[in-house]
Amino acid sequence: MSTLAMGSARAAPRTFGGRQAFIEKMNGMAFCLPATILLLVTCLVPLLVLVVISFTKYELGDLDLKFVGLANFSKAMGDPVFRRSLLNTLLYVAIVLPGSTLLGLLVAVLVHSRKRTRSFYEIIYFLPVTSTLIAMATVWQFLLHPRIGPINAFLQLVGLPQQGFLSDPALALPTLAVVGMWQLIGFNMVLFLAGLSAIPRDLYEAADVDGCASPIDRFLTITWPLLGPTTMFVIVTTSITAFKIFDTVAVMTRGGPMGSSEVLLYAVYLEGFQYFHTAYAAALTVVFLGFILVFSLIQTFVLDRRVHY
Amino acid sequence: MATHPRLPAAAATTTTPSPALSLLRRVASQVLVHGFLLLGAVFMLLPFVWMLVTSIKPPAEIFSATLSLWPRQFYGVENYRFALTTAPLLRFAANGIFICACILAVQLLVAIPCAYALAKLRFPGRQFLFGLTLLALAIPVQVPALPLYIGLANLGLLNTYFSMMVPFFLSVFAIFLLRQFFRGFPDDIIHAARLDGMSEFEIVWRIVTPSAWPAIAAFSVFSIVAHWNDLYWPLIVISDGKLAPPPLGMMIFADAETGSNYGALTAAATVLTAPLVITFLFVRRHFIAGITMTGVK
């Protein structure tokens, strides 16, 4: 789209013979055929089916579809479990988004100007991104263990009370958020580093000549405005990634304790693949998709308007 | 200030502070910066270090709840042997390799011709198809999951390697990315090849694709990492542990251990996390290019 400034080398117009054009058309369509078929079968038709099912009472194994209009959606609105899962998801995003974006930015700014230690820090901060989250989730479970985990042992050492990080309903979701940030900070750091590298050095020199000396001034006058598109991009991708939270919940808390960490995708998973309330799960998935589309639309519209070059 | 060698000294435009004071400020700022970064580094590395250390500790030491870093008794062989035999860890890893390789191969086979056609050829429906791929970009796999599951169930294809790979055969991301890349490929080379009698098919695979190697490498990394770590879809379609990819396998193993044999659990986590981490350390540039591959510029 417009932010991807690749050269718009269009194919030269064909001027020789209708037969060439015909061959080109055939080739074009043939090359796209597998992709089109897959697109229909694995994406578009399922999407359609999903929306249709959400208006029925279908359960897996049924032989016919009974339409019930918006009953599933109104049931969702009134369902305390669903409302709680939506709230939990939004709360999770509300913690992870600013946390991983700001910390990612801070780390990127600090690492960007290191000369000898830059690679060292880049590798360390990026390691969590490469790790298999499910495996690390088990490790985190052990780290946070109330009796034998090192974190609680450390708290005990400094005289603070031990915490049931995953067993206390008030702490479970924020703890998952910290694990989520653990993985996202390195990712965002790399994105911000790419954005920082794109800022021309002469701008800083010019600013210095103009008397803008302190690092904070330089950051506010040059760095921050020019990081606009990158920041926006990081915010949107982080929101979408955070909104899709599932893995750590499935492994570490299973929605507990007392539903305090049950998130939207986990509710969809339970309803659709454990309880087999297919139509209701379809309606929840439509709601999920709605939020994702809103985030994506924000990216398309706001990002397009803030390009500087 | 001290870290940008090309910038003129700030002192040129302000009153010159005493050399001792500015040195102190430089040292202080370095200490602050590195202190903060190192604190963050500890946070980032803590799980890895603890994972490795716990995997070689005997149960007695694990449950003694001390903050000791190094085990007094080396128990690594037992833990790893237990993990590798009780849970078919190597099988999970092999499944992961097989699944990721197949998915990637099909993704490239499908996406490259399509991206080329969208970039260079004129045919009816071209804009419409491109629009559809943009739409599909916004749809995560959890959305078609339910209908796909129903379809696969009705076809009796659940619990197979094929079912694990099906939703991922099409990567609209690859199409979008490669299309951008191919658009920049010089047309004269293509025309010359056509005049030489090459078929369009040959042109795609023998001329244009090799030039896109960096993009393909980066995308391959992105795809492998994403599907090695995928839990949601395999969790839904697989009930037979023998077919499980690493995340699902880890979850099954953790369930079976009811979270008490932390030595074996961390050994398993190490085995399953190691491939990607080691690969990362070797191909860091491609790795990072792949992960940030969504057109930041």
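Predicted model: local features only at pLDDT ≥ 70, side-chain atom pairs only at ≥ 80, totals over all residues.

Modeller: A salt bridge here is a side-chain nitrogen of Lys or Arg within 4 Å of a carboxyl oxygen of Asp or Glu. By that rule, the interface of chain A and chain B has zero salt bridges. Before going on, some housekeeping. Residues are numbered from 1 along each chain as its sequence is written, and chains are lettered from A and ligands numbered from 1 in the order in which they are written.

Back to the interface. In all, 110 residues of chain A are in contact with 102 residues of chain B, contact meaning heavy atoms within 4.5 Å. The two chains bury about 9900 Å² between them, and 75% of that is on carbon and sulfur atoms. Buried area, by the way, is the accessible area (1.4 Å probe) that two parts lose on being put together, summed over both. On the chain A side, A:Phe31, A:Phe142 and A:Phe273 supply 7% of the area buried against chain B, more than any other three residues. As for polar contacts across the interface, the rule finds nine residue pairs, with both partners at pLDDT 80 or more. That rule asks for a pair of N or O atoms within 3.5 Å; within protein, one must be able to donate a hydrogen and the other to accept it, and residues adjacent in sequence count only if both atoms are side-chain atoms.

Which helix gives the largest share of the side of chain A that touches chain B? That's helix α1 (residues 18-53) of chain A, with 21 residues. Helices (H or I, at least four residues) and strands (E, at least two) are DSSP runs, numbered from the N terminus.

Let's zoom in on one residue of helix α1 of chain A, namely A:Thr42. A:Thr42 counts as buried because its relative accessibility is 6%; buried means under 20% relative accessible area, exposed over 50%, and partly exposed in between (1.4 Å probe, protein chains only). Leaving out residues up to four places away in sequence, A:Thr42 touches B:Pro144, B:Leu148, B:Val166, B:Pro167 and B:Leu170. A polar atom of the A:Thr42 side chain also sits 2.6 Å from the backbone oxygen of A:Leu38.

A:Thr221 counts as exposed because its relative accessibility is 52%. Between A:Thr221 and A:Tyr204 there are 9.6 Å in space, C-alpha to C-alpha, and 17 residues in sequence.

Now, where do salt bridges turn up? One is A:Glu122 with A:Arg118, with the closest N and O atoms 2.9 Å apart. These two are separated by about one helical turn, because they are four residues apart in helix α4 (residues 118-130) of chain A. A:Glu122 is buried at 10% relative accessible area, whereas A:Arg118 is partly exposed at 22%.

In chain B, the side chains of B:Asp187 and B:Lys120 meet in a salt bridge at 2.8 Å, N to O. B:Asp187 lies in helix α9 (residues 187-195) of chain B and B:Lys120 in helix α4 (residues 89-120) of chain B, so the pair ties together parts that are 67 residues apart in sequence. Both B:Asp187 and B:Lys120 are buried. B:Glu200 also pairs with B:Arg194, with the closest N and O atoms 2.8 Å apart. There, B:Glu200 is buried at 8% relative accessibility and B:Arg194 is partly exposed at 22%.

Stepping back, chain B has 15 helices and zero strands, and 52% of its 297 residues count as buried. Of the contacts in chain B with a separation of 6 or more, 72% join residues 24 or more positions apart.

Finally, confidence. Chain A has a mean pLDDT of 84, with 92% of its residues at 70 or more. Confidence in chain A is highest in helix α3 (residues 80-112), at a mean of 93, and lowest in helix α8 (residues 201-209), at 80. Over residues 1-10 of chain A, pLDDT stays under 50.

Conventions. Heavy atoms only, no water. pLDDT = per-residue confidence, 0-100.
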